[in-house]
Amino acid sequence: MKKNKAPSSRRAEIQHLYQCYASGQTTLPACALLRFLQKEQMELTADEETAENLIDRYEIEETARESRSMTFEGFLRYMESRDCCVFDRAHASVYQDMDQPLTSYFISSSHNTYLTGDQLVGKSHLDAYVCALRKGCRCLEIDCWDGPDMEPVVYHGYTLTTKILFKDVITTVEQHAFEVSAYPVILSLENHCSQEQQEVMAQYLISILGEKLLRTPLDHPTTGDLPSPNDLKYKILIKNKKLKPQIKAEDASGTEAEESIDEGEDDDDDDEEDEDLQSKAKFWSPKKAGPKKEKKKVVVAKALSDLVVYTTSVKFISFSHSKDNQNYYENTSMAEKKARKLAKASGADFVRHNQKFLSRIYPAGSRTSSSNYNPQEFWNVGAQLVALNFQSLGLPMDLNDGRFQDNGGCGYILKPAVLMSSQKSFDPSCSQHRLKPTHLLLKVISGSNLPVPRSGKALDPFVRLEIYGIASDSRRKSTHTIKNNSLNPYWDADMNFSISVPELCLIRFCVRDQTSLLSSEFVGQYTLPFTSLKKGYRWVPLRSRDGCSLDPASLFVFVWYS
């Protein structure tokens, strides 16, 4: 562990930069500020006007403003402003092409959205839907079961999680669906209800959602592709099994049961998930869980089937089966283990499949504590609906938050071209031999105002830089540890990375407290897409484990890539 050298603060670092460009003058003239913007901050479009605008915005001393120059205090204000954040401010608004088919986007997706805790005894709560929607989530899961008095309920079947009313969930969604994003919301129904209660569900969807519910295909001539996020603005889509059209439903009571079964989460894997939960619940509380019931196949009620337009759930059989038989408006779901196997065994086929069809991936049923997998491994194959337990904090949700703060936090991120090319196949599990990998230099200079632990003892902080992308790009490197300094630790540590597919990468800055020789504790983190990184001298806003700002805690870094 190094002792902190001469108490160097971010202020001193910035003062040094200021003096370099002021060249002995008492203030920094606009032309020198412009030179700094172009040379250090790589603001290549900056001109004299840009520099003068910054002086107007950050300089408060009259004489300096009049002479079109900046004092050190003004320069410091600028350097600590949102204009100098490591995250590109242009990406804080929607800037991507929103006219591509839905299959061309990563879509922020939640698993068992109703839970606020674990999968066995956690509380089901309407607030969980509000929180997910406010985070920009666009695909919510609703686990529906028959309730008393013909009122369908939402909870995690075979467990002691509390129950909430289906109609209350739909009312909550209607109220909050478009608070932070105008783009479509998909309600993924895990439907265990009788035909009668499914009809009640359909009535609620129609009466509560009103005009927001998409009930018929859009008018525009389709090219055999799904509509775009722009086409579906302010619309709510129902994802569920649908009755097969070729069978005329003379008798909806059961003649077509063979053709129209709904298998829970659309996949055999989910039968395992349910059995897993049944056996765990039974073991854990034999009296309450009762005997394991045979899982009944659910026949979709026509009224509910009619509300499914572009998101019809079908069972995944194989990539070749999908290629020959799956329609553009049909999607599949699979548990992480099966998806992981397929990604490893036939990554290029998985990428190709996801160019044409929506895929939903969900956490294994064995994750009863509501833990999450790393979503990056499924984004790498272009899966759109990579569903996470939003109530579970930690690395996977940090990555999800980092990925989806891009494009204005609207919940839709355009997949990079490498995942959408029809000419070149792409297998994320193979090292990519591009002509020229991207070289990234991240210099972690210093920290400031790091949060002190409850014990009140000053931190022994270090910074771990983590890169998440395809397997061969995923790396982590750490600075040395600074003893006993939460206020202004100074590392001045260079870290170099070679990245072959930067457009898929997330960068995570993680500050940790070295508590003993072999162990450390989380202090704060910030995650962002590589493509949203700004070059030059930047500050990194730190977030707590639950994603809240730790302002004024931050890091001061220098970023360069080519």
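Which residues does valine 86 touch, not counting residues up to four places away in sequence? Keep that in mind as you start. This is a predicted model.

**Stop 1: valine 86**

Select valine 86. Its place is the loop between α5 and β3 (105-107). Valine 86 is buried, because its relative accessible area is 0%. Now show its contacts. Leaving out residues up to four places away in sequence, valine 86 touches Tyr526, Leu528, Ser532, Leu533, Lys534, Arg538, Trp539, Val540 and Val559. In sequence, valine 86 and glycine 536 are 450 residues apart. In space, their C-alpha atoms are 8.6 Å apart.

**Stop 2: helices α2 and α5**

Next, select residues 30-39, helix α2, and residues 72-79, helix α5. Their axes come within 13 Å and cross at roughly 30 degrees. Angles under 35 degrees count as roughly parallel, so α2 is roughly parallel to α5. The crossing of α2 past α5 is right-handed. Show the side chains at the contact. From α2 come Leu33, Phe36 and Leu37. They meet Phe75, Tyr78 and Met79 of α5. By class, this contact has 6 nonpolar residues, no polar ones and no charged ones.

**Stop 3: helix α14**

Move on to residues 347-356, helix α14. Is this helix mostly covered or mostly uncovered? Mostly covered: 7 of its 10 residues are buried. Select them: Gly347, Ala348, Phe350, Val351, His353, Asn354 and Gln355. What do these buried residues pack against? Colour the partners to see: α12 (319-325), β13 (330-335), α13 (336-345), β14 (359-362) and α17 (417-420).

Notes: Residues are numbered from 1 along each chain as its sequence is written. This is a predicted model: local features need pLDDT of at least 70, side-chain atom pairs count only at pLDDT 80 or more; totals for chains, interfaces and linings use all residues. Side-chain values use heavy atoms; hydrogens and water are left out. Axes are lines fitted to C-alpha atoms, for helices over the stretch in contact, and angles run from 0 to 180 degrees between N-to-C directions. Helices (H or I, at least four residues) and strands (E, at least two) are DSSP runs, numbered from the N terminus. Angles under 35 degrees count as roughly parallel, over 145 as roughly antiparallel, 65 to 115 as roughly perpendicular and the rest as oblique. A crossing is left-handed if the near helix is turned anticlockwise from the far one by less than a right angle, and right-handed if clockwise. Contact means heavy atoms within 4.5 Å. Ala, Val, Leu, Ile, Met, Phe, Trp, Tyr, Cys and Pro count as nonpolar, Asp, Glu, Lys and Arg as charged, and the others, Gly among them, as polar. Buried means under 20% relative accessible area, exposed over 50%, partly exposed in between (1.4 Å probe, protein chains only).
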